[in-house]
Amino acid sequence: MHRRPDRGSGRVRVEVLCVLCTCTAAALVAFGACGGDGTAGGWDGVERDSAGITIVENFGTPLWGEEPLWTFHEVLRIGTAEGDPDYQFGSISAIGVLSDRRIVVADRLGHHLRYYSADGTYLMTVGTPGEGPGEFGSGFLGLMVAPGDTVLVIDAGNSQAHAIAPDGSWQGSFSLLPRDGFRFADFDTDLAGTIATVHAPLSTDEPGDTMNVILQRDIRGAVLDTLGWVPSSRATSVQGDTRLRHYYRGFPSSTLCSGGNWVGRSEAYTLTWYAPGGRPARRLTLRRERLALDERDQAMLREWVDEVLKEQGVPSGRAAEIRSRIRFEDHYPAFRRLNCGPEETVLVQRVRPLREIDAAERVLLRAGPRSPRPPGEPEWDVFDRNGRWLGSIVASWDGEWMAARFVRDAATGVWYVYGVERDELDVDHVVGWRIEGRMPS
């Protein structure tokens, strides 16, 4: 199959128009200079060719300086703790946005999808618990919006992907079980409807020596193309008969944009653009020092691991053995994750040091110490399609555990972004924001 390359009340308030509201710090997108005079249009970097690949080096001053570029205005909020059950969520595992801005919500505890109109009105529920047609298994449910607004559902419990038509009817399924030495690991889709699945080798004894392959597929599961390769995670290593856990070693991250793929490993702030067909065509770098993983961070992570082990009722002997296998890196990764944004931009999330997170916030971090990735800042770096650093945004969406979903209104040309927030009562909300301001040309 794959060859390794040579190298809110009762019902819920569903629409809040903030046309004249003042943006808060969490809603303002501001591009701030990190050096130099920050003059708009004066890009601080160089572009050169290296063996047919365009290298774009960003030295640290954003292209648009301190000019405010975008503002986010909340236009939608769905979710309530009580009242109409059509607006209550058990646990949101993914969201999708159709071309007409209908919102599809995957609820892994409810084993179903919920559809809402662009203004947040409940439309229908698709799926029930089970293992047959029209049913979803227990566990993670992921979503991809394919061409024609077909929704592709990743059903981890049944090891299948299901195609759902825009009217909610079931179109068929295909298997995600391991094949030819590879297992399904991740998925992605871009604004043009390209579908990709990421597959990792079944043998992971030496994860630093293995490669994940990124495949383009159609909604029936047929492989159309290879979009690229990326080294596997190095969160674990094997020492004799012992498997060690490393916090926080580098990990792969990728995002589809316009049929191609931005890919990076987090040991360094370097991203590679694979053009459609899998050819590496462009590489960007950003000059920024990595954060030290200091003694305070290590102590907090040990405490966090202890909390999880206690919650899970792990016996003391087993817990001590797990703690003995933890290893720490000297520095945090250079970034946390990637996300394709409006007008072919690529967004790169910054890492948040553990020492800045209090106990209450740790409860809201779903992955916690089980994740190979550290927590993320709400701040994201933004690069244009050529790889030039435009500046940084402070995002309103929850970038910790779910990718933001961007969509452009076909009639007005206005961009919207959708994400998930979890409040202090542990209630999930789907939130939408309208993006205002000029886009990169």
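Two strands count as paired if DSSP finds at least two bridges between them. Strands themselves are DSSP runs of E with at least two residues, numbered from the N terminus.

This is a predicted model, in which local features need pLDDT of at least 70 and side-chain atom pairs count only at pLDDT 80 or more, while totals for chains, interfaces and linings use all residues. Residues are numbered from 1 along each chain as its sequence is written, and side-chain values use heavy atoms, with hydrogens and water left out.

**A four-stranded sheet**

In S16, Ile195 is the bridge partner of Thr189. Strands S15 and S16 (residues 195-201) run antiparallel and are joined by seven bridges. They belong to an open sheet of four strands, ordered S15-S16-S17-S18 with antiparallel pairing. S15 (182-189) and S18 (223-231) are the edge strands; each has a single partner strand, so one side of each is left without a neighbour in the sheet. On average, neighbouring strands of this sheet are turned by 25 degrees against each other, direction ignored; the axes behind such angles are lines fitted to C-alpha atoms, and angles in general run from 0 to 180 degrees between N-to-C directions.

**The disulfide**

A disulfide is taken as a pair of cysteine sulfur atoms within 2.5 Å, and one is counted by this rule. Cys257 and Cys340 form the disulfide, with an S to S distance of 2.4 Å. The two cysteines are 83 residues apart and link distant parts of the chain. Both are buried, where buried means under 20% relative accessible area, exposed over 50%, and partly exposed in between (1.4 Å probe, protein chains only).

| Cysteine | Strand | Strand residues |
|---|---|---|
| Cys257 | S21 | residues 252-257 |
| Cys340 | S26 | residues 338-340 |

**Nonpolar cores**

A nonpolar core is a set of buried Ala, Val, Leu, Ile, Met, Phe, Trp, Tyr and Cys residues joined through side-chain atoms within 4.5 Å. The largest has 20 residues, and Ile393, Trp397, Phe406 and Ile435 have the most contacts inside it. Strands giving two or more residues to this core include S4 (68-78) and S28 (376-383). Another core, of 18 residues, lies apart from it, with Ala275 and Trp389 among its members.

Contact means heavy atoms within 4.5 Å. Leaving aside neighbours within four places in sequence, the contacts of Phe406 include Cys340, Trp397 and Ile435.

**Ser117**

Ser117 lies in the loop between S7 (112-116) and S8 (122-126). Its relative accessibility is 15%, so Ser117 counts as buried. Beyond four places in sequence, Ser117 is in contact with Arg101, Arg102, Ile103 and Leu123.
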